[in-house]
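Subject: Structure for your review

Hello,

Here is the structure we talked about. Please have it open while you read the notes below.

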Amino acid sequence: LKTEDTMPYFHIWLQSSLKKKNMKAATLARTISLSKGTVSLWLSNQRQPDYNNLVRVIDIFAASKSAKQTALYEIFYGQPEKKSGGINSPTRYNHA
């Protein structure tokens, strides 16, 4: 499997999460004791975290159980788009 096939939206979720928390990639790297280069590879979708690092990253950006569930959904399926009537469906990110 290609990297983008396993967690196709991880890099987009991570970029968005860093921006929302006003956190730099280097700060995240220090927080989880990884190199800045590793996080940079994640952000550029060249690599993805293993399970343990995925859990650590989600824990940093999502405090509650429901926030963690939302994060996992966005990482694997894309960000839900709110439709009128309250029905959610995945939004495919435009990679252009």
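Tyr77 is partly exposed, at a relative accessible area of 47% (partly exposed lies between buried, under 20%, and exposed, over 50%, with a 1.4 Å probe and protein chains only). Before the rest, note that this is a predicted model, in which local features need pLDDT of at least 70, side-chain atom pairs count only at pLDDT 80 or more, and totals for chains, interfaces and linings use all residues. Residues are numbered from 1 along each chain as its sequence is written, and side-chain values use heavy atoms, with hydrogens and water left out.

Tyr77 pairs with Tyr73: the ring centres are 5.2 Å apart and the planes meet at 45 degrees, so the pair is tilted. (Rings of Phe, Tyr and Trp, the last by its six-membered ring, pair if their centres lie within 6.5 Å; planes under 30 degrees apart are stacked, over 60 edge-to-face, the rest tilted.) Both tyrosines sit in helix H6 (residues 65-77), four residues apart, which puts about one helical turn between them. Tyr73, at 31% relative accessibility, is also partly exposed.

The whole structure holds four aromatic pairs. In another of these, Trp13 and Phe61 have ring centres 5.8 Å apart and planes at 90 degrees, so that pair is edge-to-face. Trp13 belongs to helix H2 (residues 10-20) and Phe61 to helix H5 (residues 51-61), so the pair ties together parts that are 48 residues apart in sequence. Trp13 is buried at 6% relative accessibility, and Phe61 is buried at 18%. Ring pairs join Trp13 and Phe61 with Phe10 and Trp42 in a cluster.

H2 and H6 each supply at least two lining residues.

As for the chain, it has six helices and two strands (DSSP runs numbered from the N terminus: helices H or I, at least four residues; strands E, at least two). From the N terminus the order is α-α-α-α-α-α-β-β. Of its 96 residues, 31% count as buried.

Regards
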